[in-house]
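Biologist: I am new to this structure and would like a close look at a single part of it. Please take me through that part slowly, one piece after another.

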Amino acid sequence: MAGKDLDLSSTNLLYPSLFIKPPNGDEINAEDICSGLEFLGDDSDPVMTNTYTSDAGTDGEIYSYSQIANNVVNARFILHFNDYYDYKLKKHELAKFFMQKGLYRIRTDAEPGIVKFVRAGSFTIETPQMTTFRKFTIPFENPSGVKWSFAYSDQLMEYDQNLWQVGMNLPNGQDLQYHYINQHEFSIYNASDIDIDPRERYPLQIEVTGFNGHFDMINQTTGDEVIYTASLSPEDKLLFDGLSVYKNGKIDNANTNLAWIRLQKGWNEFKIYGYNAVDIRFHFRFVYLN
């Protein structure tokens with residue numbers, strides 16, 4: 001998503017604030033969409049869907065799987081206006097902003113380090129009757145059903161970068177590393193509430209450069225091992241992107257063992273086989289439950 005992000009260091013903590021980055025544009029305070037708009041707060045609940053199967057002639061059902069389903073983030077507002085004509089103009093401004101096709105990124109001052117990627121659902125601002133304000137709610141549809149870290153893992157390399165917040169499962173006082181040079185055994189910390197598994201649509205990119213020969217790496221915590229069977233030169237860029245592998249920007253799954261890496265919650269211990277020089281970087285967002 002294009003656009004600049006706001007500096008939230010001067011946020012007024014006495015009143016809730018909602019910060020929105022539209023599908024194409026800079027992040028803004030929601031109250032700047034039009035004059036007289038006031039944010040009252042938002043709320044959402046996790047949705048878990050459990051699936052069962054049944055067999056004819058037998059009682060009950062057998063558990064099959066569970067799935068984190070899409071949910072709704074309800075953002076509450078109050079709109080102040082001078083008269084009916086002012087109300088119509090401001091209602092139009094709100095429609096122009098929220099009826100854009102595509103994903104909006106939202107976060108609040110209560111969770112500045114955590115974002116949600118949503119689409120605005122239909123909402124109604126009732127016609128005023130002998131009043132100069134109206135309360136209304138915008139239901140933001142959250143297709144992933146989860147929340148994400150504002151920053152990526154490889155932006156969280158220093159403890160004092162202010163890209164995180166309390167409640168993100170980060171080890172207290174530790175500078176986490178997601179970029180290693182010429183280290184063949186190292187640790188990667190997944191601060192998410194859940195495992196990062198590309199099969200579940202949780203993106204994970206692992207970039208390898210400067211390596212010579214066949215690349216073989218294992219997450220000793222999960223047992224996942226990825227092998228690139230063709231020979232690499234130090235000028236090549238190998239990218240494990242979810243379930244696929246790219247060499248120098250071109251997909252190259254044929255030269256792999258068709259495996260992928262998962263990250264368990266907490267610490268993951270990695271090993272790269274051999275002693276060749278290597279530059280490796282892990283790039284992903286942390287995932288949180290509502």
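How many bridges join β12 to strand β19, and in which direction do these strands run?

Modeller: Bear in mind that this is a predicted model. Six bridges join β12 to β19, a strand that covers residues 266-272, and these strands run antiparallel. One of the residues involved is Glu185, whose bridge partner in β19 is Lys271. Both strands belong to an open sheet of four strands, which has the order β12-β19-β14-β15 and antiparallel pairing. At the edges of this sheet lie β12, made of residues 185-190, and β15, made of residues 224-232, each of which pairs on one side only. Neighbouring strands of the sheet are turned against each other by 20° on average, with direction ignored. In general, the strands of a sheet pair through backbone hydrogen bonds, and they do so in either a parallel or an antiparallel way.

From the sheet we can move on to a loop. Asn276 has its place in the loop between β19 and β20, the latter being residues 279-283. If its neighbours within four places in sequence are left aside, Asn276 is in contact with His184, Phe211 and Asn212. Asn276 and Gly210, which are 66 residues apart in sequence, are 8.8 Å apart in space, taken from C-alpha to C-alpha.

Definitions and conventions. Residues are numbered from 1 along each chain as its sequence is written. This is a predicted model: local features need pLDDT of at least 70, side-chain atom pairs count only at pLDDT 80 or more; totals for chains, interfaces and linings use all residues. Side-chain values use heavy atoms; hydrogens and water are left out. Two strands pair if DSSP finds at least two bridges between them. Helices (H or I, at least four residues) and strands (E, at least two) are DSSP runs, numbered from the N terminus. Axes are lines fitted to C-alpha atoms, for helices over the stretch in contact, and angles run from 0 to 180 degrees between N-to-C directions. Contact means heavy atoms within 4.5 Å.
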